[in-house]
Amino acid sequence: MESQRQVKGHVLVTGSSGFIGCHVVLALLEAGYDVVSVASMKSSVSDKENQMPESLRRVQQMTGKSVHFMKVDLLDMGALIEVFKKYEIGCVVHLAALKAAAESFKVPLIYYRINVGGTINLLKAMKEANVKRIVYCSSYTVYGDPEYLPVDERHKAGSGCTNPYGRSKYMGEEILKDLCNTQEDWRCVSLRCFTVAGAHPKGTIGENTGETPTTLMSFLPLVAKGDRPELKVFGMDYKTKDGTVERDFVHVIDVADAHVAAVRRVTQKSREKYEAFNVGSGRAFTILECLHTFEKVSGRKIPYSVGEKRPGDFATFRGDVSLAEKCLGWKPKKTLEEMCADTWKWICDNPKGYLS
């Protein structure tokens, strides 16, 4: 395939067992790439043979292709170097990170240590192995409270970040930008992913939240099932269509496809040294819109109560994703209803997540 000729060797995916990670591995395999997957396993469910994360075992089953997996913590420099010694790596997709914005206020040093320190270790290992192509999974939170809507890539980033998580992702971008601009032949594509939701339509892989859901889309099915009594809505006096926070939700399948497109982009010749692209749906949905859509697809009533606003929350966010379409040949295809329906199927088919 054309994709295989563009990358000499394997594509290394960090954080491969996670929600986005396993979908990215699946998409890369389906696109014809050879993939090496690494993850710390700290928040993963192992398969029955304790050989790899259950999410990747399912990806292997879905594709009929082998998944090369190594248990590696990015803070373990020695283990990282061994990955590059064992496999010929042509490009890296860097997904491994802590990602809960609210949690980052409680343990900011841990977020900086893992998200920034882990990225530096990875880049050092890449440099030692002479691997100079990387796709970085960043976040829309680098923009902070937007100055205008829809937010495009020209919007200033960094100075307006409203939580340590967003700042840690911005620091990663700046490190990569400096590296690409000062070191010969380095290339990076950063994908500023918006609020990721959904699951694989077959219900085989999805977000393994367990007992501690951290996102709206991981909490809604628990209330719909009756595992939680209600949804807590944090504030209802924002200047939005129904008073609740408004966000740009994007399906995980679309996000995975964007990463494949970014790998193609970064491994082509005569490209910009560093580029950043928005990856969202280009639409903003309120909390109540998501709630009512989930009620529709599940056929269940979802009760909610209103609580105090959370620190760092702002009213609305919607991205402009036209640059990704122009440069990557990518655009979102999935609807909010599909995000909710696929999440519901995943939860119904896997009531205990990957322990089901």
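Predicted model: local features only at pLDDT ≥ 70, side-chain atom pairs only at ≥ 80, totals over all residues.
M41 is buried in this model, with a relative accessible area of 17%, where buried means under 20% relative accessible area, exposed over 50% and partly exposed in between, with a 1.4 Å probe and protein chains only. Residues are numbered from 1 along each chain as its sequence is written, and side-chain values use heavy atoms, with hydrogens and water left out.

Let me stay with the backbone for a moment. M41 has a positive phi of about 70° although it is not a glycine, and M41 sits in the loop between β2 (35–39) and α3 (54–63); helices here are DSSP runs of H or I with at least four residues, strands are runs of E with at least two, and both are numbered from the N terminus. D185 also has a positive phi of about 70° without being a glycine, and D185 belongs to the loop between α7 and β6 (187–193), where, at 36% relative accessibility, D185 counts as partly exposed. A cis peptide bond, with omega about -10°, joins L149 and P150, and P150 is in the loop between β5 (133–139) and α7 (164–182). As background, most residues other than glycine have a negative phi, and most peptide bonds are trans.

Which residues have the most contacts inside the largest nonpolar core? They are L28, Y33, L191 and V263, in a core of 62 residues, a nonpolar core being a set of buried Ala, Val, Leu, Ile, Met, Phe, Trp, Tyr and Cys residues joined through side-chain atoms within 4.5 Å. Helix α9 (residues 252–266) gives the most to this core, with 10 residues. Apart from it lies another core, of 28 residues, including L74, Y87, Y136 and A276. If we leave aside neighbours within four places in sequence, the residues in contact with L191 include V135, A258, F277 and L328, contact meaning heavy atoms within 4.5 Å.

Helix α9 also takes part in a helix pair. The axes of helix α2 (residues 19–30) and α9 come within 8 Å and cross at roughly 55°, the axes being lines fitted to C-alpha atoms, for helices over the stretch in contact, with angles that run from 0 to 180 degrees between N-to-C directions. That makes α2 oblique to α9, since angles under 35 degrees count as roughly parallel, over 145 as roughly antiparallel, 65 to 115 as roughly perpendicular and the rest as oblique. Among the residues that meet are F19, A27 and L28 in α2, and V252, H259 and V263 in α9.

A second pair is formed by helix α8 (residues 216–225) and helix α12 (residues 336–349), whose axes come within 10 Å and cross at roughly 60°, so α8 and α12 are oblique to each other. The contact is made by M217, P221, A224 and K225 of α8 with L336, C340, T343, W344 and I347 of α12.

Is E295 buried or exposed? E295, which is found in helix α10 (residues 287–298), is buried, with a relative accessible area of 14%. D237, by contrast, is exposed at 56%, and D237 lies in the loop between β8 (231–234) and β9 (246–247). D237 and A315 are 78 residues apart in sequence and 9.1 Å apart in space, C-alpha to C-alpha.
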